[in-house]
Amino acid sequence: MLVAPKIDAFNPPRRTLMGPGPSDVYPEVLAAQARPTIGHLDPLFVAMMDELKSLIQYAFQTKNEMTLAVSAPGSAGMETCFVNLVEAGEKVIVCRNGVFGERMRQNVERVGATAVMVDNEWGEPVSVSDVEAALKANPDARFLAFVHAETSTGALSDAKRLCALAKQHDCLSIVDAVTSVGGVELRVDEWGIDAIYAGSQKCLSCVPGLSPVSFSPAAVEKIKARKTPVQSWFLDQTLVMGYWSGNAAAGGKRSYHHTAPVNALYALHESLRLLANEGLESAWQRHADMHQVLRQGLEGLGLKFVVDEASRLPQLNAVYIPEGVDDAAVRNQLLQNYNLEIGAGLGALAGKAWRIGLMGFGARRENVALCLKALEDVLN
């Protein structure tokens with residue numbers, strides 16, 4: 001028989017999280033997660049789910065009925081969209097200008113579909129003209145998939161124009177909004193987005209592990225018209241919606257699908273409630289304002305941005321590492337001496353750039369001041 005290990009309780013230090021995610025969590029959200037756990041079919045919890053659905057609809061700016069939180073992180077939200085909508089043999093135009101566009105390609109190919117790639121340089125937004133050319137060259141394409149805010153580079157693409165192109169060519173759009181929701185303008189219904197997924201841990205400043213998703217009526221019809229079952233039982237939206245649908249206040253019944261992460265959903269409810277109280281446009285402006293303060297300070301330190309200003313994300317600032325500076329050593333000193341986390345570069349930017357997040361609760365002046373002072377001290 002194994003001897004029971006003697007392990008102390010885990011008590012992490014208080015870090016300031018200014019990497020690509022997770023972001024600093026609102027104190028109110030941490031407190032919400034510590035509330036008493038109740039059953040996931042308890043009438044009170046089901047009523048809270050109705051409120052949560054309306055809050056997700058507000059964050060996405062949509063009236064889509066099929067709107068919910070997947071009980072898993074943003075990567076599962078991505079897979080939810082692809083496995084429900086895309087069937088083997090179909091063709092998908094996939095835009096790749098960073099790590100997460102590449103993950104879209106992998107999702108497409110794993111369901112047996114064909115990915116037609118539209119590639120742009122890392123640090124550039126998705127090219128609208130290149131996408132238009134790809135759609136014209138592939139009239140049998142059924143979907144257009146792209147990342148709104150590419151977390152690996154800090155580039156923002158024009159979702160409104162890209163989705164309009166998809167509609168013109170009779171394609172459904174699949175949009176990654178993991179880093180964009182709550183941080184920059186995003187209007188699902190107005191822009192005609194058909195399927196969208198996000199994450200709880202970025203500009204929503206919630207604990208990691210949940211993925212808000214939403215499907216347009218056209219996307220729902222595509223799911224209903226599938227010729228084959230959804231490959232994933234857990235992510236099959238025709239099953240999950242039996243748990244999320246039905247108005248609790250009106251006595252609507254919910255069918256059991258899985259044991260929902262009750263306390264994590266408390267946290268998401270609270271974070272979205274705080275976003276609604278602030279107002280979306282105010283939150284977008286706060287991120288833009290704090291980015292300008294950070295930008296001036298970083299440029300004052302001689303750091304250069306990866307992305308041109310016109311397509312730069314305010315909430316994810318990728319800057320080139322100065323020549324001769326040890327990437328890992330700087331990040332380690334920031335962590336050890338200042339309890340400050342910034343992110344390393346990914347893929348083509350690994351070892352070449354830092355990614356500095358200004359997300360949700362983290363997009364405030366004291367965080368910017370700490371980051372600039374700490375970087376100045378370490379670089380000097």
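1. Let's start with the surroundings of N64. Beyond its neighbours within four places in sequence, N64 is in contact (heavy atoms within 4.5 Å) with Q57, V188, D189, S214, F215, S216 and P217. N64 sits in the loop between α2 (43-60) and β2 (66-70). A polar atom of the N64 side chain lies 3.3 Å from the backbone oxygen of F215. N64 counts as buried because its relative accessibility is 6%, and buried means under 20% relative accessible area, with a 1.4 Å probe and protein chains only.

2. A word on the source: this is a predicted model, where local features need pLDDT of at least 70 and side-chain atom pairs count only at pLDDT 80 or more, while totals for chains, interfaces and linings use all residues. Residues are numbered from 1 along each chain as its sequence is written, and side-chain values use heavy atoms, leaving out hydrogens and water.

3. Next, have a look at two helices. Helix α5 (residues 128-137) packs with helix α6 (residues 159-168) at an angle of about 10 degrees, and their axes are 10 Å apart. That makes α5 roughly parallel to α6 (angles under 35 degrees count as such). V128, V131, E132 and L135 in α5 meet R161, L162, L165 and A166 in α6. The residues of this contact comprise 6 nonpolar, no polar and 2 charged.

4. A344 stands opposite W354 in β14.

Notes
Axes fitted to C-alpha atoms, helices over the stretch in contact; angles between N-to-C directions. Helix = DSSP H or I, 4+ residues; strand = E, 2+ residues; numbered from the N terminus. Parallel < 35°, antiparallel > 145°, perpendicular 65-115°, else oblique. Nonpolar A, V, L, I, M, F, W, Y, C, P; charged D, E, K, R; others polar. Buried < 20%, exposed > 50% of the residue type's maximum accessible area, 1.4 Å probe, protein only. Polar contact = N/O pair within 3.5 Å; in protein donor to acceptor, adjacent residues only side chain to side chain. Pairing = 2+ DSSP bridges.
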